[in-house]
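Here is a short briefing on one protein structure. Look at the chain first, then work through the points by topic.

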Amino acid sequence: MDLNYILSQLETDSGDDTETLLQQYNRENSHTFTFDQKEEALRSKLCQSVLTVLGKQVRPSCQKICLETLRILSRDKRVLGPVATREGMLVLGGMARLQAGDEGGDKQKSSQDDAESEEEERVVVVEALKCLCNVVYNSPAAQQVSVDVKLSQGLCANLHTSRTWHHEVGLFTLRLLFLLSALRPDVRGVLRRECHAVRLLAQVLEHTLDVHWVGLYEAACPAPQALPMPAEDNERAMEALKALFNLTLSDSGGEEDDHQFRLIAAILRHLLMLKTETEEKTEEAHSHAVNLLNNLPVSCLDVLINMPVQGGLEKYDGKNMDAIQVLLDFMEKRIDKGSNFKEGLTPVLSLLTEGSRHHREIRRYIKAQVLPPLKDVKIRPEIGTTIRNKLVRLMTHVDMGVKQTAAEFLFVLCKESVDNLLKYTGYGNAAGLLVARGLLAGGRGETQYSEDEDSDTEEYKSAKPFINPITGHVEEPMPNPIEEMTEEQKEYEAEKLANMFDKLSRQNVIRPLGVRPDGTLAPLEETLCDPPERDSGSDSD
């Protein structure tokens with residue numbers, strides 16, 4: 001449709017013609033996301049003209065169509081100049097009922113027809129919120145104006161009425177809050193301190209997920225026959241979780257924050273126990289829960305297992321491990337996917353690692369599932385379908401972050417004992433972690449753990465002398481290649497090998513390294529000069 005014709009008709013200010021023309025333009029471009037660069041100037045003028053129409057007292061049907069046009073135009077970040085102004089953002093903020101500054105809120109309130117139905121008003125609000133989401137996402141200038149007119153404060157004011165929201169109003173209000181807090185880090189502090197957005201978003205989650213409290217930080221478990229969470233509730237919960245993630249990226253501390261974080265942890269535990277309408281959506285919900293749990297202080301993770309009213313497992317001091325098992329199942333699903341480990345797997349690995357490092361019962365439970373007492377040691381630790389096999393394979397993954405996170409997880413489960421780790425993984429798989437930690441010579445990490453002991457199985461004890469420490473399993477006997485050599489032949493082969501190493505070293509093809517007494521690597525000549533240190537500690541785990 002010819003933009004020049006639309007612009008000329010808009011200038012004549014005929015309401016009916018405006019609606020008809022823009023409605024046709026909207027139909028033709030509803031699925032357009034790539035625009036002709038030659039018409040940028042015309043589309044920018046159309047943005048200004050539509051804003052001018054919205055600034056007048058027009059009926060709700062015209063407002064809706066104008067906002068639809070603006071939403072389509074806002075997909076092109078190059079034409080947002082007229083919208084990314086104080087006047088433009090106040091018009092949209094007023095239409096969205098955000099009270100974004102006195103001018104916008106009052107202006108739009110006075111322009112509303114008393115006879116406007118609630119449904120018509122809702123449609124206008126939703127379209128305005130959609131426009132704001134597009135504009136804020138695509139325009140840094142609009143982001144700055146949003147800060148200037150205190151748009152985030154208007155959003156938080158709307159959170160107070162979240163129990164009466166229509167689904168789309170709530171969804172796009174939360175999405176706009178997420179976008180502002182993601183794109184403007186300076187807004188996060190204002191939202192937390194002045195608007196109490198963390199508390200408000202926690203309340204949104206609480207009633208959206210239908211949480212019923214039976215204790216201070218204990219929500220009633222969903223009934224086994226409970227229906228899956230409705231799709232609309234799930235959508236709003238995901239947006240609230242994403243906004244909370246942004247607001248909790250930095251911990252400001254304080255007793256009030258600690259209480260709020262523990263409350264959020266309890267809500268997230270409830271979310272982990274819920275099912276949605278599809279397995280894919282359930283996994284997405286669990287992923288957002290994991291991301292947010294990673295932002296909370298690790299001291300709050302005890303809320304996941306403390307269920308004094310509903311009880312737990314006597315074996316683990318009465319702690320309830322249902323949520324931890326859900327996290328373990330989620331982790332294994334992400335491993336089995338075999339892709340996108342960086343974003344999909346490392347967050348849950350990090351969460352379980354820190355939970356295990358700081359909470360003894362969590363570590364004991366996870367170790368029993370991941371590293372049960374060894375029995376069959378004839379198979380290499382990285383071969384097989386158990387969760388231990390899968391994690392050991394990740395220890396040699398090509399992505400440095402993935403392999404370090406997987407290795408650290410297993411290391412913590414072994415109470416940061418090198419001997420214990422090697423028992424389950426073999427030296428070859430653990431070498432990367434040991435080099436990074438300076439533990440090639442053995443020993444422990446720095447974290448102090450409880451003195452609970454692991455008992456080896458009889459099968460492991462009998463096979464232990466025959467286990468290859470490099471591969472971590474009992475190898476089939478190999479023929480000795482020098483068994484039938486004479487002493488002269490052995491000496492000749494040894495000298496030949498030494499000369500080959502010497503030649504490669506002189507040509508700088510290889511650089512022989514040795515292990516210092518502190519467990520770090522250094523050039524071989526330096527390690528030979530270092531005096532040996534007596535091992536001051538041993539591990540009886």
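The model is predicted.

**The nonpolar core**

- The largest nonpolar core holds 150 residues.
- Within this core, L46, M331, V370 and L391 touch the most other members.
- Helix α7 gives the most to this core, with 10 residues.
- In soluble globular proteins, nonpolar side chains tend to be buried together.
- Leaving out residues up to four places away in sequence, L391 touches M331, I335, L349, V370, A406, F409 and L410.
- Two of the core residues with the most contacts to other members, M331 and V370, are among the residues that L391 touches.

**A buried loop residue: L345**

- Where does L345 sit? L345 lies in the loop between α17 (341-344) and α18 (346-358).
- L345 has 0% relative accessibility, so L345 counts as buried; the cut-off for buried is under 20%.
- Which residues does L345 touch, not counting those up to four places away in sequence? They are M331, R334, I335, N340 and L394.
- M331 and I335 are touched by L345, and L391 touches M331 and I335 too.
- L345 and V402 are 57 residues apart in sequence, but their C-alpha atoms are 8.0 Å apart in space.

**Helix α8**

- Helix α8 spans residues 140-148, and its buried residues are A142, Q143, V145 and S146.
- Why are these residues on the same side of α8? They cover an arc of only 165° around the axis, so they share one side of the helix.
- What covers the buried residues of α8? The cover includes α5 (86-95), α7 (118-138), α9 (151-159) and α10 (167-183).
- After α8 comes K150, which has a positive phi, near 60°.

**Salt bridges**

- How many salt bridges does a search of the whole structure find? The search finds 32.
- D76 and R78 meet through their side chains in a salt bridge, at 3.7 Å from N to O.
- D76 is buried, because its relative accessible area is 4%.
- R78 has 45% relative accessibility, so R78 counts as partly exposed.
- K333 and E279 also meet in a side-chain salt bridge, at 3.7 Å from N to O.
- This pair links distant parts of the chain: K333 is in helix α16 (residues 322-337), E279 is in helix α15 (residues 279-295), and they are 54 residues apart.
- K333 counts as partly exposed, because its relative accessibility is 40%.
- E279 counts as exposed, because its relative accessibility is 56%; the cut-off for exposed is over 50%.
- D399 forms a salt bridge with K342, and their closest N and O atoms are 3.8 Å apart.
- D399 lies in the loop between α20 (387-394) and α21 (400-413) and K342 lies in helix α17, so this pair ties together parts that are 57 residues apart in sequence.
- D399 is partly exposed, with a relative accessible area of 24%, and K342 is partly exposed, with 43% relative accessibility.
- Which residues are linked in a network of salt bridges? E354, R357, E408, E416 and R437 are linked in this way.

Methods. Residues are numbered from 1 along each chain as its sequence is written. This is a predicted model: local features need pLDDT of at least 70, side-chain atom pairs count only at pLDDT 80 or more; totals for chains, interfaces and linings use all residues. Side-chain values use heavy atoms; hydrogens and water are left out. Buried means under 20% relative accessible area, exposed over 50%, partly exposed in between (1.4 Å probe, protein chains only). Helices (H or I, at least four residues) and strands (E, at least two) are DSSP runs, numbered from the N terminus. The arc is that of the directions from the helix axis to the C-beta atoms. Contact means heavy atoms within 4.5 Å. A salt bridge is a side-chain nitrogen of Lys or Arg within 4 Å of a carboxyl oxygen of Asp or Glu. A nonpolar core is a set of buried Ala, Val, Leu, Ile, Met, Phe, Trp, Tyr and Cys residues joined through side-chain atoms within 4.5 Å.
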